Amino acid sequence: MCIRDSARRAREGDIKKLKEQVSEQKQRLAHQEKENSNLIHQVEQANNERDKRDTKDFHSLVLELEKKLRTSEEQRQELQNRLQKADEKWSEILEYYNRPDYQNLQKDLEERKQKNQMLLNELKKRNDQI
């Protein structure tokens, strides 16, 4: 019986050691799970902060691009208006020079030039004779 008692006590000791090991493993596992949970929480917080920062940066970029677009559109509109005014002015100028009375003035001017030239030539002749 002694051997049996001794074997039984040895088994009970082994069982007790195994239970202690299981308990320790459970504690380590619980600690590891808590640590993992904390790490997951930290990663989620970091991701949320990064997402907020990225969103803020994205919105800032969008606002900046919208401002540039408005400025560009305003400049385009201003240039369009200036081009239209220049086109209108050019049309007025062309219209003025294509008027019949202007054409008549041009002819009249040519005729006067010719008359003046003839008179000048005649005066030169008279001056040479004197």
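**Exercise 1. Find where K68 and E64 lie, and state how their side chains meet.**

Step 1. Locate the pair. K68 and E64 both sit in helix α1, 4 residues apart, about one turn of the helix. Helices here are DSSP runs of H or I with at least four residues, strands are runs of E with at least two, and both are numbered from the N terminus.

Step 2. Check the contact. The two side chains, K68 and E64, meet in a salt bridge at 3.5 Å, N to O. The criterion is a side-chain nitrogen of Lys or Arg within 4 Å of a carboxyl oxygen of Asp or Glu.

Step 3. Classify E64. Its relative accessible area is 42%, so E64 is partly exposed. Buried means under 20%, exposed over 50%, and partly exposed in between, with a 1.4 Å probe and protein chains only.

Step 4. Note the basis. This is a predicted model: local features need pLDDT of at least 70, side-chain atom pairs count only at pLDDT 80 or more, and totals for chains, interfaces and linings use all residues. Residues are numbered from 1 along each chain as its sequence is written, and side-chain values use heavy atoms, with hydrogens and water left out.

**Exercise 2. Identify the nonpolar surface patch, and classify Y97.**

Step 1. List the members. W90, I93, L94, Y96 and Y97 form the patch. Patch residues have over 30% relative accessible area and no salt bridge; like charges are joined within 9 Å, nonpolar side chains (Val, Leu, Ile, Met, Phe, Trp, Tyr) within 5 Å.

Step 2. Areas come from the Shrake-Rupley method with a 1.4 Å probe, and for residues only the protein chains shown count as cover.

Step 3. Classify Y97. This residue lies in helix α1. At a relative accessible area of 39%, Y97 is partly exposed.

**Exercise 3. Describe the overall form of the protein chain.**

Step 1. Count elements. The chain has 2 helices and 0 strands. Helix α1 spans residues 2–97 and contains D57.

Step 2. Take distances. The C-alpha atoms of D57 and N98 are separated by 60 Å, at 41 residues apart along the chain. The C-alpha atoms of the chain fill a box of roughly 175 × 30 × 15 Å along the principal axes.

Step 3. Compare with a globule. The radius of gyration is 53 Å, whereas a compact globule of 130 residues would have one near 14 Å. The radius is taken over C-alpha atoms, and the globule rule is 2.2 Å times the number of residues to the power 0.38.

Step 4. Check burial. Of the 130 residues, 1% count as buried.
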